[in-house]
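Here's a quick briefing to read with the model open beside you. Have a look at the fold, then work through the points by topic.

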Amino acid sequence: MNRYICIHGHFYQPPRENPWLEEVELQDSAHPYHDWNERITSECYAPNAASRILGPDKKVSRMVNNYASMSFNFGPTLLSWMERHAPEDYQNILAADKESQTRFSGHGSAIAQVYNHMIMPLANVRDERTQVLWGIRDFEHRFGRKPEGMWLAETAVNTRTLEILAEHGIGFTILAPHQAARVRKIGEEKWTPVKDAGVDPQMAYVCPLPSGKKIHLFFYDGPIAREVAFADLLESGVNFANRLLGVFPRDQHHPRLVHVATDGETYGHHHSFGDMALSYCLHHIASQNLARVTIYGEYLERFPAAHEVQIVENTSWSCAHGVERWRSDCGCKIGGHRGWHQKWRAPLRQSLDWLRDTLAPLYEGHMSAFSGDPWQARDNYIEVVLDRGTDNVENFLRENFRQKLSAGEEVKVLKLLELQRYAMLMYTSCGWFFDEISGIEGVQILQYAGRALQLARELFGKDFEGHFKKMLEAAPSNIADLRNGAAAYEKFVAPAVTDLTGVGAHYAVSAMFDDHTGGKKVYCYTVREEIYDLKQEDGRTFVIGRLHVRSDITREEGSVDFAVVPRDGHHLNAAVRVSMSEEDFRGVHQEMERAFAKGDVKEIDRLTERHFGATQYALKYLFRDEQKRIFDEVIHSAMEEFEDHFREIYEHYYPLLQAKEELHIALPKALIACIEFILNRDLLDLFAREQTDISALKRIAVEVKRWAFEIDKTRISFVATRRIISLMRGLEKDPRDMRLMESVDDILRAVAPLNLDLDLWRAQRLYLAIARQVSGGSLPTPEPRWLNFFHKLGDHLNVQSEQGEHSGRSV
């Protein structure tokens with residue numbers, strides 16, 4: 001077999017964590033999911049680990065882990081998020097790499113990635129090295145082996161970058177065809193220029209480097225990759241396979257490798273059911289012996305490169321102008337906003353370069369007091385980023401610094417290293433990729449810069465923020481109200497900045513809506529109540545107290561004093577300050593208690609401002625998720641009142657629905673709105689209950705279809721899917737529970753008239769797992785009634801009882 005096929009997926013999301021909280025906050029644009037990481041995991045990363053192959057009857061015949069049959073890389077920061085928030089899917093990815101090693105002659109399908117997707121040719125050498133080192137160490141930590149290859153952000157490359165990869169033992173990387181400059185057969189002297197991206201992509205190349213080192217390069221098939229990413233090639237797995245097979249030469253006497261590389265999100269997020277087209281494509285090729293599916297490491301071992309190549313310097317796969325997309329208004333953009341420019345890109349990069357270069361010598365000077373090699377300490381800091389457990393941090397501090405550090409010195413060292421981490425994160429490529437500086441990606445990197453500025457102020461006693469914002473004024477926004485990058489910084493970054501006092505304020509306000517347990521984790525902080533004195537009298541409430549707040553990242557800690565005074569309705573004011581002395585606090589405590597006992601609101605306000613300062617905190621100062629939680633609690637009673645009124649209208653005027661049908665007269669829009677509100681509330685409530693009322697569900701489904709009422713299909717599909725998966729998980733644990741089986745089957749049949757967009761792949765996987773238990777004999781021989789019901793459930797889940805395949809149509 002001389003025909004080899006490799007499909008590479010670059011799975012990546014920019015780091016989205018709030019840099020002060022180390023967690024991704026609620027992102028409304030990802031509705032009905034919490035955030036975009038969660039949404040894209042559900043649409044792409046998770047289903048690719050259990051992709052469905054359909055049989056002749058278009059029912060699921062089996063499910064496969066695509067990652068075990070393709071080449072792939074995952075962004076380290078994305079895997080870090082998945083490890084915490086999607087652990088099952090994360091483990092499936094790691095397991096796929098182990099499985100692939102048995103399939104590909106000991107080579108794993110995963111390759112590494114430069115750590116936070118920095119455009120390497122635009123970075124300084126020091127950052128380039130750390131990006132590679134961190135990417136390698138992150139890979140080793142997760143996959144338990146050394147990476148053979150490494151993905152470069154946007155495939156952005158120059159010779160210096162390749163030298164650094166080779167220096168650190170990276171064997172190959174993947175580039176676009178237009179990034180090849182000239183080629184020659186090994187042993188020949190004459191180079192042949194490559195014109196119009198005309199490099200032969202069906203072979204491996206070795207790139208000799210000025211240092212004497214070398215690295216292998218693969219140039220993917222550009223036309224097919226574009227069809228996968230931007231056309232309709234993923235409509236059919238067979239068509240995808242045939243397109244790959246169709247570019248092999250007719251008279252083929254030597255091994256040839258057809259390979260493509262695209263964003264991994266192509267397979268499910270950008271193209272619905274793209275994972276299924278991918279799985280069937282690979283299955284069709286392998287099962288029909290049309291070519292051998294391989295990965296880059298295995299192919300290199302079998303067929304060492306016979307040709308050399310030199311690259312076009314400072315190029316990438318997503319900018320026709322080299323790497324200008326990340327430093328100038330070159331014309332490359334997403335589009336969709338006529339007349340928008342990207343003149344902000346150059347000033348943004350200049351501002352960040354100034355900040356990086358201003359902070360570097362300060363970091364080096366201060367860290368030199370503790371380490372003989374401050375930059376080696378930064379390189380080694382990845383060990384802490386990967387595991388912030390107390391024992392691991394202690395080991396890191398002990399192994400990397402010359403002396404036993406005091407508690408204060410530990411805080412300073414960790415802050416210095418965090419400063420450098422954010423000085424790299426602020427160069428995440430997505431900040432320049434899109435069309436507007438105030439977009440979610442631009443704001444994200446400005447927040448990283450904001451965190452670096454805050455740490456610099458705390459460490460060095462110097463405030464660089466003013467000059468940084470002055471430089472951002474030269475970055476014009478396309479949004480008239482924002483004007484420029486400085487305004488975007490003030491609007492979106494400044495309000496997000498927090499510290500120990502801010503965390504204390506968040507706790508003090510949110511505690512008014514919680515039961516108290518003496519403290520809790522607030523993201524990457526630990527808060528402990530030292531004093532919490534709640535006074536309630538005649539419907540009035542007042543709280544004064546003291547909190548101990550500790551950062552789990554930098555170990556910085558301190559106490560804050562607070563007072564909270566609820567106002568009319570749901571308003572409240574909270575005042576917070578760094579703790580005063582014990583004697584002063586007792587005096588303030590007594591003064592405010594006396595004022596409260598008298599019901600003297602003005603005196604309480606005067607004392608609050610006098611002792612705690614004029615800055616007042618309210619609900620809007622809470623962190624985003626807590627804002628949403630408390631708002632939902634506050635509005636719940638109002639929604640219940642609405643529901644009572646609307647339900648009364650719905651029940652009273654229900655006979656009009658009969659008249660509407662008989663007389664063919666349209667109902668008033670106001671009445672329709674009331675009815676639809678009730679139907680949506682009832683549907684959501686039914687799926688939230690422990691026992692779903694099937695008769696009620698059927699009745700609502702019939703009404704919606706009969707009278708063409710509108711329902712929130714997105715949200716209802718989401719909660720219905722989760723309910724079905726929950727029941728199926730229970731069934732997998734106890735397959736003999738007929739009640740659970742009937743519940744799933746009843747729900748599927750009842751919602752059929754609603755035409756919901758149910759995402760059933762997890763439920764289908766659980767069904768197949770139960771089927772394997774039955775066929776494998778791990779379950780006692782089921783009774784005929786159980787088997788009959790199980791087959792019916794399979795029909796409603798669209799899973800076939802017997803194996804089979806069809807053309808791979810992905811819809």
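Predicted model: local features only at pLDDT ≥ 70, side-chain atom pairs only at ≥ 80, totals over all residues.

N66 sits in the loop between β3 (60-64) and β4 (71-74), where helices (H or I, at least four residues) and strands (E, at least two) are DSSP runs, numbered from the N terminus.

Residues are numbered from 1 along each chain as its sequence is written, and side-chain values use heavy atoms, with hydrogens and water left out.

- Most residues other than glycine have a negative phi, and most peptide bonds are trans.
- H31 and P32 are joined by a cis peptide bond, with omega at about 10°.
- P32 belongs to the loop between β1 (3-11) and α1 (36-45).
- H117 isn't a glycine, yet it has a positive phi of about 60°.
- You'll find H117 in the loop between β5 (110-113) and α4 (125-143), and it counts as buried because its relative accessibility is 1%.
- R483 is another non-glycine with a positive phi, about 70° in this case.
- R483 is in the loop between α17 (465-472) and α18 (485-493), and at 55% relative accessibility it counts as exposed.

**Salt bridges**

- Side chains of opposite charge can pair when their charged atoms come close.
- The count comes to 60 salt bridges, taking one to be a side-chain nitrogen of Lys or Arg within 4 Å of a carboxyl oxygen of Asp or Glu.
- E458 and K415 form one of them, with the closest N and O atoms 2.8 Å apart.
- That pair links distant parts of the chain: E458 is in helix α16 (residues 440-460) and K415 in helix α14 (residues 407-425), 43 residues apart.
- E458 is partly exposed, with a relative accessible area of 36%, whereas K415 is buried at 7%.
- D745 and R749 also meet through their side chains in a salt bridge (3.0 Å, N to O).
- D745 and R749 are 4 residues apart in helix α27 (residues 738-751), so about one helical turn separates them.
- D745 is buried at 3% relative accessibility, while R749 is partly exposed at 37%.
- A salt bridge also brings together the side chains of D737 and R739 (3.6 Å, N to O).
- D737 counts as buried at 18% relative accessibility, and R739 counts as partly exposed at 45%.
- A network of salt bridges ties together D514, K520, E626, R629 and E633.

**Aromatic pairs**

- A pair of aromatic rings is described by the distance of the centres and the angle of the planes.
- The structure holds 38 aromatic pairs; rings of Phe, Tyr and Trp (its six-membered ring) pair if their centres lie within 6.5 Å, and planes under 30 degrees apart count as stacked, over 60 as edge-to-face and the rest as tilted.
- F646 and F677 make an edge-to-face pair, because their ring centres are 5.0 Å apart and their planes are at 85°.
- This pair joins distant parts of the chain, with F646 in helix α22 and F677 in helix α24 (residues 669-688), 31 residues apart.
- F646 counts as partly exposed at 26% relative accessibility.
- Elsewhere, ring pairs link F11, Y45, Y67, F72, F74, F139 and F143 into a cluster.

**A negative patch**

- E640, E641, D644, E648 and E651 form a negative surface patch.
- Patches are made of residues with over 30% relative accessible area and no salt bridge, with like charges joined within 9 Å and nonpolar side chains (Val, Leu, Ile, Met, Phe, Trp, Tyr) within 5 Å.
- Asp and Glu count as negative and Lys and Arg as positive, with His and the chain ends not counted.
- The place of a charge is taken as NZ of Lys, CZ of Arg, CG of Asp or CD of Glu.
- Accessible areas come from the Shrake-Rupley method with a 1.4 Å probe, and for residues only the protein chains shown count as cover.
- E641 has its place in helix α22 (residues 624-652), and it counts as exposed at 51% relative accessibility.

Definitions and conventions. Buried < 20%, exposed > 50% of the residue type's maximum accessible area, 1.4 Å probe, protein only.
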